[in-house]
Amino acid sequence: MSRLTQSPAWIALEAHRHEIADQSLTGLFSADPGRAARFSIECGDLFVDWSKQRVTDKTMQLLRTFAVQSDVAGWRTRMFAGDAINNTENRAALHSALRDEDAIATEDVRTVREQMRRFVESVISGDIRGARGKPFAAVVNLGIGGSDSGPRLVAHALHGLGESGLTVRFTANADAADLDYALDGLDPATTLIVVASKTFGTVETVNNARRAREWLRGTLGASAETHLAAITANRPAALDFGVATDRVFPMQDSIGGRFSVWSAVGLSAALALGWNSFERLLTGARAMDTHFRTAPLEANLPIILALLSVWNTNFLGAQSEALLPYSERLRDLVSWLQQLSMESNGKSVDRDDNPVDYTTAPIIWGGTGSTSQHSFHQLLHQGMRFVPVEFVVLADYDGDSGSHDLLVANAIAQAAALMTGSPDGQPHRRSPGNRPSTTIVLRKLTPESLGQLLALFEHRTFVNGVLWNINSFDQWGVELGKGIARRLAEGHPGELDPSSAALLRRARGESGTR
Ligand code: F6P
């Protein structure tokens with residue numbers, strides 16, 4: 001048994017689980033008129049209500065004791081101080097420094113941000129133009145994982161709300177169709193290709209970059225390179241690819257890809273929105289940093305959400321968590337959180353390299369509401385799975401007010417129905433209810449509120465790693481598949497199992513595939 005599951009706080013939570021096993025959420029609300037207010041917090045542009053979670057005051061107290069026992073505050077201090085908390089790579093996790101105006105926002109953070117600002121403003125204003133003297137009209141971001149998901153999410157969420165008129169598209173997949181779609185209808189003479197890759201070695205991105213460069217060369221010839229920019233920690237590889245030296249935007253090793261939207265990786269988002277909107281995004285994230293660093297345990301949103309995830313996962317047995325943003329603008333939020341959470345905490349050994357004997361990251365899934373109601377909500381209401389849900393709702397919206405009211409009504413109704421259920425009637429009509437959820441309300445979708453939301457999830461992920469005593473900042477698990485794929489792509493299959501070897505031949509259309 002690990003020290004963690006034998007620790008006093010863990011044992012107390014285990015005992016408490018049995019203690020409140022028969023309590024229903026509707027019963028808890030009936031017994032306590034002040035419950036909703038007590039289990040809600042307003043922080044900046046966010047309002048978070050976790051009163052529909054299966055917790056009592058005692059649960060929250062025992063969870064806070066677990067946070068203290070796990071030294072969450074000490075690890076928080078070490079992260080913000082730039083200590084090498086990524087112990088397997090001996091690196092810091094300094095994504096907060098990217099939006100920190102003083103403290104340890106080192107010179108290179110400021111230098112890179114100034115390089116970004118000048119470039120973004122010049123491209124948008126037309127001061128920087130393409131090889132044929134035409135202003136840029138479109139940007140295509142080539143990246144995958146954290147080099148795609150953050151800027152894609154931000155650009156789509158705030159599309160049309162900034163001061164840029166550029167068309168910005170994103171390509172991530174090795175599938176040629178992805179780049180073909182992104183380039184469809186664009187003119188090489190007015191298109192900027194941004195290659196985002198911390199390593200400048202991810203095969204999908206390098207392959208897409210080569211294809212995009214050929215697309216540019218087909219029209220621009222040798223001057224195609226003036227339509228390239230790169231965001232990378234591997235400057236020599238970018239220069240070797242043909243990117244001009246003043247178009248290489250550096251990334252620091254201490255910034256994990258899934259935490260990097262605040263870095264130069266956010267360049268395409270800044271081009272899509274304008275520099276002022278990008279700085280407002282940083283301002284929002286900085287506000288959440290301040291909250292995380294200063295709010296007391298009982299009012300600290302990242303810590304509360306992380307503790308609720310531990311309670312649902314490690315004590316109530318949830319195998320997954322569903323994120324339901326009731327907003328088409330936030331359609332990329334689920335995939336962004338999937339990488340952030342599961343690439344950070346999908347681990348099975350602790351910080352001391354010992355196998356863990358408890359569950360770590362839950363499976364993160366979900367989809368945009370209200371569409372998801374016509375897809376998987378049946379399982380959420382009547383299925384055999386215990387799936388805690390996180391709703392994200394926008395209070396104020398510039399679109400059609402009637403549609404917005406309908407959207408909000410559906411979100412609130414779903415959370416209420418999951419909690420109350422419908423215990424009466426014929427069995428096939430009954431929903432058991434007592435299914436927990438948290439609802440996060442954004443006052444309005446702005447760069448600031450989006451920055452606060454993303455930073456909240458970043459810090460929740462970090463705290464969960466501390467609580468599970470794991471390193472949230474490496475991702476060794478993705479290396480094995482990458483290595484096999486690389487050997488296959490280079491024609492050296494090595495010792496492939498018979499199934500994979502036959503499938504490879506068949507997928508390549510080779511004759512005699514049996
Ligand atoms: O998925 C593995 C990973 O290394 C991510 O952590 C990273 O965001 C992505 O691949 C892309 O890596 P790079 O930015 O080096 O191309």
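This is a predicted model: local features need pLDDT of at least 70, side-chain atom pairs count only at pLDDT 80 or more; totals for chains, interfaces and linings use all residues.
The secondary structure of the chain amounts to 19 helices and eleven strands. With a radius of gyration of 24 Å, close to the 24 Å given by the globule rule for 514 residues, the chain is as compact as a globular protein of that length. The C-alpha trace spans about 75 × 55 × 50 Å along its principal axes, and buried residues account for 53% of the 514 residues. Among the contacts in the chain with a separation of 6 or more, 74% are made by residues 24 or more positions apart.

The chain is divided into three parts, namely domain 1 (8-55 + 311-467), domain 2 (95-280) and domain 3 (479-507). The centres of domain 1 and domain 2, taken over C-alpha atoms, are separated by 33 Å, and contact between these two domains involves 20 residues of domain 1 and 19 residues of domain 2. Although Pro8 and Gln69 are 61 residues apart in sequence, their C-alpha atoms are 8.6 Å apart in space.

In soluble globular proteins, nonpolar side chains tend to be buried together. The largest nonpolar core of the present model has 107 residues, of which Leu271 and Leu333 touch the most other members. Because domain 1 (8-55 + 311-467) and domain 2 (95-280) both contribute residues to this core, it lies between them. When neighbours within four places in sequence are left aside, the contacts of Leu333 are Leu153, Leu323, Pro325, Val392, Leu453, Leu454 and Phe457. Apart from this core lies another one, made up of 22 residues that include Leu183, Ala189, Leu220 and Ala238.

A search of the whole structure returned 15 aromatic pairs. One of them, formed by Phe292 and Phe462, is edge-to-face, with a centre-to-centre distance of 6.3 Å and an angle of 80 degrees between the planes. This pair links distant parts of the chain, since Phe292 lies in helix 12 (residues 275-294) and Phe462 in helix 17 (residues 447-467), 170 residues apart; both Phe292 and Phe462 are buried. The pair of Trp311 and Phe315, by contrast, has ring centres 5.7 Å apart and planes at 25 degrees, and is therefore stacked, the cut-off for stacking being planes under 30 degrees apart.

Technical notes: Residues are numbered from 1 along each chain as its sequence is written. Side-chain values use heavy atoms; hydrogens and water are left out. A nonpolar core is a set of buried Ala, Val, Leu, Ile, Met, Phe, Trp, Tyr and Cys residues joined through side-chain atoms within 4.5 Å. Buried means under 20% relative accessible area, exposed over 50%, partly exposed in between (1.4 Å probe, protein chains only). Domain bounds come from an automatic or database domain assignment. Contact means heavy atoms within 4.5 Å. Rings of Phe, Tyr and Trp (its six-membered ring) pair if their centres lie within 6.5 Å; planes under 30 degrees apart count as stacked, over 60 as edge-to-face and the rest as tilted. Helices (H or I, at least four residues) and strands (E, at least two) are DSSP runs, numbered from the N terminus. The radius of gyration is taken over C-alpha atoms; the globule rule is 2.2 Å times the number of residues to the power 0.38.
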